[in-house]
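The exercises below go through one structure step by step. Try each task before reading its solution.

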Amino acid sequence: KLHAQLTILDDAFETEKLARGQAERELKHSLGQQIEAERQERTAESSALNAEVRSVETRVGAAQASEGEARARAEESMRALVRERCEELAERGARMEGEMAGGMKGV
């Protein structure tokens, strides 16, 4: 009778050991799948963030280029206005010199 009980206990122990091993394998498999799913999710998030960063960099670059172009146009406009004003002043000065020279002849 004792031998039978030992055999039953031994069988129960082996069954428990097999069940524990199966549970551990299933747990490892499940954890592996979760880790892989999280890795893929992080990779997707990282890719999305990188795309957003590139988009922002592109927009900033375009804005800076546009700002540079606007600044260059404004500077060119200012130079043109200064040239016009200088020409007007030169013409006015020439007229005044001519008037003064003409007035001096009459003296």
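**Exercise 1.** Is R79 buried, partly exposed or exposed, and what is its relative accessible area?

*Solution.* The model is predicted: local features need pLDDT of at least 70, side-chain atom pairs count only at pLDDT 80 or more, and totals for chains, interfaces and linings use all residues. Residues are numbered from 1 along each chain as its sequence is written, and side-chain values use heavy atoms, with hydrogens and water left out.

Step 1. R79 has a relative accessible area of 43%, so R79 is partly exposed.

**Exercise 2.** Find the salt bridge between R79 and E76 and describe where the two residues sit.

*Solution.* Step 1. A salt bridge is a side-chain nitrogen of Lys or Arg within 4 Å of a carboxyl oxygen of Asp or Glu.
Step 1. R79 and E76 meet this rule at 3.2 Å, N to O.
Step 2. Helices are DSSP runs of H or I with at least four residues, strands are runs of E with at least two, and both are numbered from the N terminus.
Step 3. R79 and E76 are separated by about one turn of helix α1 because they are three residues apart in that helix.
Step 4. E76 is partly exposed, at 37% relative accessible area.
Step 5. Elsewhere, salt bridges with shared partners join E41, R42 and E45 into one network.

**Exercise 3.** Describe the salt bridges of E14 with K17 and of E41 with R42, then give the count of salt bridges.

*Solution.* Step 1. Side chains of opposite charge can pair when their charged atoms come close.
Step 1. E14 and K17 form a salt bridge at 3.8 Å, N to O.
Step 2. Both residues belong to helix α1, which covers residues 2-105, and they lie three residues apart, about one turn.
Step 3. E14 is partly exposed at 33%, and K17 is partly exposed at 44%.
Step 4. For E41 and R42, the closest N and O atoms are 3.5 Å apart.
Step 5. E41 is partly exposed at 43%, as is R42 at 46%.
Step 6. The count comes to nine salt bridges.

**Exercise 4.** How many helices and strands are there, and how spread out is the protein?

*Solution.* Step 1. The protein has one helix and zero strands.
Step 1. Its radius of gyration is 46 Å, well over the 13 Å of the globule rule for 107 residues, so the protein is more spread out than a compact globule. The radius is taken over C-alpha atoms, and the rule is 2.2 Å times the number of residues to the power 0.38.
Step 2. The C-alpha trace spans about 155 × 15 × 5 Å along its principal axes.
Step 3. Of the 107 residues, 1% count as buried.
Step 4. As a check within the chain, A4 and G32 are 28 residues apart in sequence and 42 Å apart in space, C-alpha to C-alpha.

Terms used:
Buried means under 20% relative accessible area, exposed over 50%, partly exposed in between (1.4 Å probe, protein chains only).
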